[in-house]
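Dear colleague,

Please find below the structure that I am handing over to you. My notes on it follow.

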Amino acid sequence: MNDDPRTYPSEVADDRASLTAFLDYQRATSAMKCAGLTGAQMRQRAIPTSTLILLGLVRHAVEVERSWFQTVLNGKSPPALWPRVNGAFGEWQVADADVDGAFTLWRATCEDSRAVVNAFPTLDARVEFRGESISPRYVLTHVLEEYARHNGHAGLLREAIDGAVGE
């Protein structure tokens with residue numbers, strides 16, 4: 001029996017169900033990579049040659065979700081949550097960052113993203129953004145790819161922090 005709460009879509013699911021289910025699976029994988037860690041571990045630079053930090057990845061996921069779903073698809077311009085610091089993206093500046101607050105914001109942002117996609121009658125609908133015609137299908141696929149790539153990073157970080165491995 002599989003006790004993993006993450007589920008794949010049915011093989012006969014349509015595109016909307018498949019893409020949203022696979023994206024939710026990747027979101028759940030991101031949360032799993034961070035589960036059980038302390039705030040200090042979430043802020044730890046676990047690989048000396050890399051500036052990636054698990055908490056930074058969580059905050060980056062918030063920015064990715066907001067950029068693609070709210071700004072591109074929904075036409076809104078939400079204010080920056082973490083302003084740049086000396087030209088560097090603020091989401092990676094985590095020394096004093098609130099871990100629980102980041103996860104609360106991430107979960108709410110994912111819900112907002114789901115609502116934006118669900119408002120489109122079809123994934124083939126189009127919005128104009130900076131001279132390009134973009135579909136919800138493209139955004140779902142792009143954000144899915146973004147999570148999958150960063151989940152690979154998170155796996156390496158987690159293993160370096162406490163030896164935990166797994167999808």
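A salt bridge is counted here where a side-chain nitrogen of Lys or Arg lies within 4 Å of a carboxyl oxygen of Asp or Glu. By this rule, nine salt bridges are found. Please bear in mind that the model is a predicted one.

One of these salt bridges links R137 and D15, whose closest N and O atoms are 2.6 Å apart. Since R137 belongs to helix α5 and D15 to helix α1 (residues 15-34), the pair ties together parts that are 122 residues apart in sequence. R137 is partly exposed, at a relative accessible area of 24%, and D15 is also partly exposed, at 44%.

D24 is partly exposed, with a relative accessible area of 27%.

R27 also forms a salt bridge with E65, at 2.8 Å from N to O. Because R27 lies in helix α1 and E65 in helix α3, this pair ties together parts that are 38 residues apart in sequence. Both R27 and E65 are buried. Through shared partners, salt bridges join D24, R27, E65, E111 and R114 into one network.

Finally, helix α3 (residues 54-73) packs with helix α5 (residues 136-162) at an angle of about 175°, their axes being 10 Å apart. The two helices, α3 and α5, are therefore roughly antiparallel to each other. The residues of their contact comprise 17 nonpolar, four polar and two charged.

Yours sincerely

How values were computed
Residues are numbered from 1 along each chain as its sequence is written. This is a predicted model: local features need pLDDT of at least 70, side-chain atom pairs count only at pLDDT 80 or more; totals for chains, interfaces and linings use all residues. Side-chain values use heavy atoms; hydrogens and water are left out. Axes are lines fitted to C-alpha atoms, for helices over the stretch in contact, and angles run from 0 to 180 degrees between N-to-C directions. Helices (H or I, at least four residues) and strands (E, at least two) are DSSP runs, numbered from the N terminus. Angles under 35 degrees count as roughly parallel, over 145 as roughly antiparallel, 65 to 115 as roughly perpendicular and the rest as oblique. Ala, Val, Leu, Ile, Met, Phe, Trp, Tyr, Cys and Pro count as nonpolar, Asp, Glu, Lys and Arg as charged, and the others, Gly among them, as polar. Buried means under 20% relative accessible area, exposed over 50%, partly exposed in between (1.4 Å probe, protein chains only).
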